[in-house]
Each structure stands twice: as C-alpha cells, then as structure tokens.
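Please view the structure first.

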Amino acid sequence: MPWCPKCKAEYREGFTQCNTCHVPLVDTLPADDAPPAQAGSVLPDGMEKPIAVYIAQNRLEAETVCDLLRGHGIVSIDRPAAFRQIQAYAGADARFGVEILVDAGQTAQARALIDEMKHDLTAQPVDEDELARLAEQQALETPPQPVEDNASFRLLPVVLGVIVAALVLLYFVAI
C-alpha cells in the first residue's frame, strides 16, 4: 500500500500523490526512531523528556495532582490518557482519564509525592457531617447572584393573547 512520507497517511492502491501534502507517495515508510512530534505541542520550560507518572480519573484529580507537583517545584503537564491512540480519530476523550507528565529526571520524586498524597487520602475516613458543614459554609460564602430580568416572560401574555385571538377568529370564519 502506498504511504505519504510527510504525514504518514496510508492510501489505497492506485493513488500516487497525497491529497493533503501534495507529495508523491512511497511504497514503504522509512524507519523513524524519533518519537512522533505532536502537532502544536510545546513543552514547558524545564521539561525535556516527558514521562507519564500517573493517570488521573478526571480533570479535577489531574489538576490537584499537578498543583501538588508544582508546589514541590516539579514541572508537570496533563493530557488525555488516550492521547496517542485516539487523538487523530476522535480528539481528546475523557473516558480514558488524564495522564500526568513530568520530566524524566523528576519521575521518582513525583511518584513519591503522588503515592504520599494517595496514602493520606485513604488514611483519613470521610466524615459525612464534616462534608455537609463544608458545603453549607461554601454556599454561605458564595455571593448571591443578581436576578436577571427576562424580557421574554413579559412578552408571554401578549403572545398568548394573539394566539387566542387568532383561534377565535378562525373559529368564527370556519362557521
């Protein structure tokens, strides 16, 4: 099967040029030892070789772990866990979790911090009364939102009146 040497797309037999890149197709791709470059991805300062150290279940957990790592001076980024497998087909998909990446030189320290955080969370039982108190306190601290005047509700009686008048008029015309 022919391949595009630039974008690495596979084509059916009979094609001679890539639709996207407009370059001639080749029968086999050259061996590429370098990891594939991710379009538009830029590593933050201090990160040369990203290594996945943890897969969070959701975005909130990922942000919590990244904040913990950054608080200890570890540069970290997150991305959808199925990034390499499904990005080209379906985009970012949260069903697979969120991958936390750190520089290769900081993986041991990052994993130790994450393990310590997980241990602290499992060691402390969840107190339902304390959670309820915290939720109530947060609700009281949240400033009240101003009530918006919705003009569409003021027009509702007018619209209903027009509809009723039209129905009455149709009734008398049909008789």
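S76 is buried, at a relative accessible area of 4%; buried means under 20% relative accessible area, exposed over 50% and partly exposed in between, with a 1.4 Å probe and protein chains only. The model is predicted: local features need pLDDT of at least 70, side-chain atom pairs count only at pLDDT 80 or more, and totals for chains, interfaces and linings use all residues. Residues are numbered from 1 along each chain as its sequence is written, and side-chain values use heavy atoms, with hydrogens and water left out.

**Overall fold**

- The protein has five helices and three strands; helices (H or I, at least four residues) and strands (E, at least two) are DSSP runs numbered from the N terminus.
- Along the sequence, the pattern is β-α-β-α-β-α-α-α.
- Of the 175 residues in the protein, 20% are buried.
- Among contacts with a separation of 6 or more, 54% join residues 24 or more positions apart; contact means heavy atoms within 4.5 Å.

**Packing of α1 and α3**

- Helix α1 (residues 59-71) packs on helix α3 (residues 107-123) at an angle of about 125 degrees, and their axes are 10 Å apart. Axes are lines fitted to C-alpha atoms, for helices over the stretch in contact, and angles run from 0 to 180 degrees between N-to-C directions.
- That angle makes α1 oblique to α3; under 35 degrees counts as roughly parallel, over 145 as roughly antiparallel, 65 to 115 as roughly perpendicular and the rest as oblique.
- On the α1 side the contact is made by T64, V65, L68 and L69, and on the α3 side by A110, L113, I114 and M117.
- By class, this contact of α1 with α3 has seven nonpolar residues, one polar and no charged. Ala, Val, Leu, Ile, Met, Phe, Trp, Tyr, Cys and Pro count as nonpolar, Asp, Glu, Lys and Arg as charged, and the others, Gly among them, as polar.

**Nonpolar cores**

- The largest nonpolar core has 15 residues, and V53, Y54, V65, L69 and I100 have the most contacts inside it. Such a core is a set of buried Ala, Val, Leu, Ile, Met, Phe, Trp, Tyr and Cys residues joined through side-chain atoms within 4.5 Å.
- β1 (50-56), α1, β3 (98-103) and α3 are the elements that give two or more residues to this core.
- A second, separate core has five residues, including C4, C18, C21 and L25.
- In soluble globular proteins, nonpolar side chains tend to be buried together.
- Leaving out residues up to four places away in sequence, I100 touches I51, A52, V53, Y54, A62, V65, C66, L69, S76, I77 and D78.

**Individual buried residues**

- S76 is in strand β2 (residues 76-80). Not counting residues up to four places away in sequence, S76 touches M47, C66, L69, R70, I100, L101 and V102.
- A62, in helix α1, is buried at 0% relative accessibility.
- The C-alpha atoms of A62 and V98 are 6.3 Å apart, while the two residues are 36 apart in sequence. Beyond four places in sequence, A62 touches A56, V98 and I100.
- T107 lies in helix α3 and counts as buried at 15% relative accessibility. Its contacts, leaving aside neighbours within four places in sequence, are with I51, V53 and V102.
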